[in-house]
Amino acid sequence: MALSIIGAHIGYLRYVSTHGGGRREHLIYKNLRNMSEKRTIRIGLLGFGVVGQGVWKNIEKNRIALEYRLGAQLDITEVVVKNLGREREVVIPPKSISDDARRVVDNPDIDIVCELMGGKGEALELTRRALEQGKIVVTANKALICEHGEELFEIARQKGGHYFYEASVAGGIPIIKTIREALVANRFKLIFGILNGTSNYILTRMEREGLSFEATLGDARKLGYVEADEALDLDGIDAAHKAVILAYLAHGKWVRLDEIICEGIREITGEDIEIAAQLGYKIKLLAVIARDFEANKLSVRLHPALISKKEVIAGVDEVYNGVSVTGDVVGTTVLIGRGAGQDATSSSVISDIADAVFMLQGAPAPVISEEDEATYQKLADGLELADKASLKGRYYFRIHVRDEEGVLAKISEIMAKGHISFATVNQKELEDGTAKIMVTTHITDEASVMQVKTALSEQSAVIGRPVSFRIFDPNTQA
Ligand code: HSE
């Protein structure tokens, strides 16, 4: 019997066998993963800090398994850094490293550009340039997507490239892929969770060890958990960036940071955590993306909230992140994992590299994606942001007062005038003749809370402006 190959095609070979004058045509399906002719995919890294080195290290660590799964060889061909002289944990061949971004962005041999430099200036310019050339860009840069995503996804769509961003939200948790692909059958009434590890670490230690905010922040700084710009972690901006990205992914609508409630953890004290615990709550910094499909309103917000200890998300402690996704088909799914750090974040970057490799080998772009802007616009058609003032829920107040006769009565009168009804009241006497009154309320709205806080702070017996936190109940959100 003689065999001769008569054609090679993606995925199979055609061949004929001849035997005793007979001739038969056959197909052999190629096991691409075992073929020695695997395509080499060339990757360029812009930035070689914690995440960049993690990507290199973890591709090397699991190279055999990864290349088997992807059916391609991975070559990190170029690495671009700002400072060539800096000592790095991961040592790479000198020919691969330079300080010239053009060797990645303008290099026709580079198939995938990974922007891992962070920031918005140069990172924006280089991402634009790579996408303009139709390249696939992978990023972990949440601030850049939040502020310039609309433009960057549009360039990717027009030029036939792609912009992947799994590592931008919740570190190693595959939340982007989960919403985009695994939960593609759903529309999302509620997505909420903990998206900032540093603030979660601070709140966890305050709760467990009774430490003050300042003391815990000091430790978080020593451990290198706090961003160089501390406001990103402490004022909720980092988590708000991530909430904006999830809102776009799930609802096709870009929301600006200045349009949403964004409050951090600086006002939370040990006594708030203690009273919350007595009432069956924990205090967490929550991102909430809630859609009311009937009214076609979207609420995107980021703020500390009391949440029942019975909720899975309330049990997400330390530097962990957790996201609860409620879809109209699947119900509620909760993902918990490491929201930051070298290995967790590089796991997500490599997951995007894998999707990019499949695309480069002919697979279609991911299912619900920025590729199909028209569908996205339809999803968001007529969708409006809910008015912040109309946000409804229960609230917690901490009111610092002079410990005098009639003060509680006065507070009750002001609350009643504002149509806010008390659910619980706790008082803590202090040695200096003042007291802290902690109140939880029945359901009210944001506008009433603001008005009552102002009225309370105008009372001579009230010291400073009362502090309030929302009480978050996932079952009553819309
Ligand atoms: N500062 C961020 C956090 C890093 O603490 O979660 C990961 O985005």
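Analyst: A definition comes first: Asp, Glu, Lys and Arg count as charged, Ala, Val, Leu, Ile, Met, Phe, Trp, Tyr, Cys and Pro as nonpolar, and the others, Gly among them, as polar. The model is predicted.

User: By class, which residues does the shell around the ligand have?

Analyst: The residues around the ligand are Lys142, Asn196, Gly197, Thr198, Glu227, Asp233, Asp238, Lys242, Gly339 and Ala340. Sorted by class, they give one nonpolar, four polar and five charged residues.

User: Which helices each supply at least two residues of the shell around the ligand?

Analyst: The shell includes Gly197 and Thr198, and also Asp238 and Lys242. The helices that each supply at least two shell residues are α7 (197-209) and α10 (237-251).

User: How many Å separate an oxygen atom of the ligand from an N or O atom in the side chain of Lys242?

Analyst: Polar side-chain atoms of other residues also reach ligand oxygen atoms: for Asn196 the distance is 3.4 Å, and for Thr198 it is 2.6 Å. For the side chain of Lys242, the distance from an N or O atom to a ligand oxygen is 2.8 Å.

User: What share of the ligand's accessible area does the protein cover?

Analyst: On its own, the ligand has 250 Å² of accessible area. Of this, the protein covers 87%.

User: Is Lys242 buried or exposed?

Analyst: Lys242 sits in helix α10. Not counting residues up to four places away in sequence, Lys242 touches Lys142, Ser168, Val169, Ala170, Leu195 and Asn196. Buried means under 20% relative accessible area. Lys242 has 5%, so the residue is buried.

User: Which residues are buried in helix α6, and what covers them?

Analyst: Helix α6 spans residues 175-182, and its buried residues are Ile175, Ile176, Thr178, Ile179 and Arg180. Their cover includes β9 (162-164), β10 (188-194), α10, β14 (320-327), β15 (331-338) and α12 (342-360).

User: Why does Arg398 count as buried?

Analyst: Arg398 is placed in strand β17 (residues 392-402). Beyond its neighbours within four places in sequence, Arg398 is in contact with Glu267, Thr269, Glu271, Asp272, Lys436, Ile437, Met438, Pro466 and Val467. The cut-off for buried is under 20% relative accessible area. Arg398 counts as buried because its relative accessibility is 10%.

User: Which residue has its backbone oxygen 2.9 Å from a polar atom of the side chain of Arg398?

Analyst: The residues in contact with Arg398 include Glu267, Thr269 and Glu271. The backbone oxygen that lies 2.9 Å from a polar side-chain atom of Arg398 belongs to Glu267.

Key:
Residues are numbered from 1 along each chain as its sequence is written. This is a predicted model: local features need pLDDT of at least 70, side-chain atom pairs count only at pLDDT 80 or more; totals for chains, interfaces and linings use all residues. Side-chain values use heavy atoms; hydrogens and water are left out. A residue is near a molecule or strand if one of its heavy atoms lies within 4 Å of it. A polar contact is a pair of N or O atoms within 3.5 Å; within protein, one must be able to donate a hydrogen and the other to accept it, and residues adjacent in sequence count only if both atoms are side-chain atoms. Accessible areas come from the Shrake-Rupley method with a 1.4 Å probe; for residues, only the protein chains shown count as cover. Helices (H or I, at least four residues) and strands (E, at least two) are DSSP runs, numbered from the N terminus. Buried means under 20% relative accessible area, exposed over 50%, partly exposed in between (1.4 Å probe, protein chains only). Contact means heavy atoms within 4.5 Å.
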